[in-house]
Amino acid sequence: MEDNKLNSFSSLHPLVLIVYFVTILVVSMFSTNPVLLFLSLVGGMMFFGMMNSRKAFFTDLAFYIPMFFLIAIINPLFSHNGVTPLFFMNGNPVTLEAILYGGNIALMLMAVVYWCKCYSKIMTTDKFLYLFGKVIPKLSLVLSMALRFIPLFREKHREFRMVQGASGLYDQKGFVNKIMCELKVFSALVTWSLENSVDTASSMKARGYGLKGRTHFSMYKFRKRDGIILAVNLLLFSVVAFGMGGGFVDFSFYPYVTEIETGAVQIVVYISLGVMSLLPFFTELWEVIVWKYSMSKI
């Protein structure tokens, strides 16, 4: 799919979106169960794939797969817990439990990174300011600027490199010359970022941002569809939170790897998180079905 083609889910009310991202990230960050983390990762990857081109998806995947194995390999070098030693390195055991725990950490990191990438695409500055502009105007402005700064900084870096490259900055060979060229580009980036921050602050002050009594224009309306998706998300999250809080889906790697329980309660928790992580996919699928049905009536 092309960039920003996720129209149905991104058009939801900002409150629904922020609640969804907070709930899915809470589960991803605080769960140690590999089934829950795997379901969260699959949902995040599908969500990311729906918003980006196939090339961008596989480019990211090519980076995260080696990272997954790197973390799984590095963890046993620092943690020697576990009852199943595979071999010894410098007199220290490399255990199966440590490797599996490293892989689980990598699952968690990948899931969180993918959901954060999706958040940065969906929760634009205007949505963030709509939610928090009246309550914490100054902090919300700073946070919204910080969240959009990294992708904007990367884009400007690419532009400056292209301009400087066209002017012959990178013509000379050598490691030292390359470092000097990058320092010049970085200096230009810092200057631009400072000027941009000052201009933004002056513009917001001139418009009366943060003053009492200032009205806010907004195109967002809480509709019936928003209420349904919010209720479904909170219901699914409540089931998952109950399973995690009640210890029904607890999982341990040390001193030995526990078994993945598959009782009735556990299955319900797994299904709930699976549906929750695929909510954006189901929302888009439903939109396509409604659209094709409407077209067939013409």
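Tutor: Start with methionine 276, which lies in helix H10, residues 264-277. The model is a predicted one.

Student: Why is methionine 276 called buried?

Tutor: Buried means a relative accessible area under 20%. Methionine 276 has a relative accessible area of 0%, so methionine 276 is buried.

Student: Which residues does methionine 276 touch, apart from those up to four places away in sequence?

Tutor: Methionine 276 touches Tyr20, Thr23, Ile24, Asn233, Leu236 and Phe237. Leucine 236 is 40 residues away along the chain, and its C-alpha atom is 6.3 Å from that of methionine 276.

Student: What makes these count as contacts?

Tutor: The test is heavy atoms within 4.5 Å. The 6.3 Å between methionine 276 and leucine 236 is a separation of C-alpha atoms.

Student: Where is threonine 23, and how do you know whether threonine 23 is buried or exposed?

Tutor: Threonine 23 is in helix H2. Its relative accessible area is 6%, and the cut-off for buried is under 20%, so threonine 23 is buried. Leaving aside neighbours within four places in sequence, threonine 23 is in contact with Asn233, Phe237 and Met276.

Student: How do H2 and H5 lie relative to each other, and how do you know?

Tutor: The axes of H2 and helix H5, residues 96-122, cross at roughly 170° and come within 9 Å. An angle over 145 degrees counts as roughly antiparallel, so that is the term for H2 and H5.

Student: Which residues of H2 and H5 meet?

Tutor: From H2 they are Leu17, Ile18, Tyr20, Phe21, Ile24, Leu25, Ser28 and Met29. From H5 they are Met108, Ala111, Val112, Trp115, Cys116, Cys118, Tyr119 and Ile122. The residues of this contact divide into 15 nonpolar, 1 polar and no charged.

Student: Why does serine 28 count as buried?

Tutor: Serine 28 lies in helix H2, residues 14-30. Serine 28 is at 0% relative accessibility, under the 20% cut-off, and therefore counts as buried.

Student: What makes the pair serine 28 and serine 40 a polar contact?

Tutor: A polar contact needs N or O atoms within 3.5 Å, and one must be able to donate a hydrogen and the other to accept it. The side chains of serine 28 and serine 40 make such a contact at 2.5 Å. Not counting residues up to four places away in sequence, serine 28 touches Leu37, Ser40, Met108, Ala111, Val112 and Trp115.

Student: What is the arrangement of H3 and H4, and why is it given that name?

Tutor: The axes of helix H3, residues 34-51, and helix H4, residues 54-78, cross at roughly 140° and come within 8 Å. Roughly antiparallel would need an angle over 145 degrees, so H3 is oblique to H4. The contact is made by Met45, Phe48 and Gly49 of H3 and Ala56, Phe57, Asp60 and Leu61 of H4. By class, these are 5 nonpolar, 1 polar and 1 charged residues.

Student: Where is leucine 12, and why is leucine 12 called buried?

Tutor: Leucine 12 is in the loop between helix H1 (7-10) and H2. With 1% relative accessibility, leucine 12 is under 20% and so counts as buried. Its contacts beyond four places in sequence are Leu17, Arg223, Arg225, Asp226 and Ile229. Leucine 12 and arginine 223 are 211 residues apart in sequence, yet 8.6 Å apart in space, C-alpha to C-alpha.

Student: How much of the protein counts as buried?

Tutor: Of its 298 residues, 33% count as buried.

Technical notes: Residues numbered from 1 in each chain as written. Predicted model: local features only at pLDDT ≥ 70, side-chain atom pairs only at ≥ 80, totals over all residues. Heavy atoms only, no water. Axes fitted to C-alpha atoms, helices over the stretch in contact; angles between N-to-C directions. Helix = DSSP H or I, 4+ residues; strand = E, 2+ residues; numbered from the N terminus. Parallel < 35°, antiparallel > 145°, perpendicular 65-115°, else oblique. Nonpolar A, V, L, I, M, F, W, Y, C, P; charged D, E, K, R; others polar. Buried < 20%, exposed > 50% of the residue type's maximum accessible area, 1.4 Å probe, protein only.
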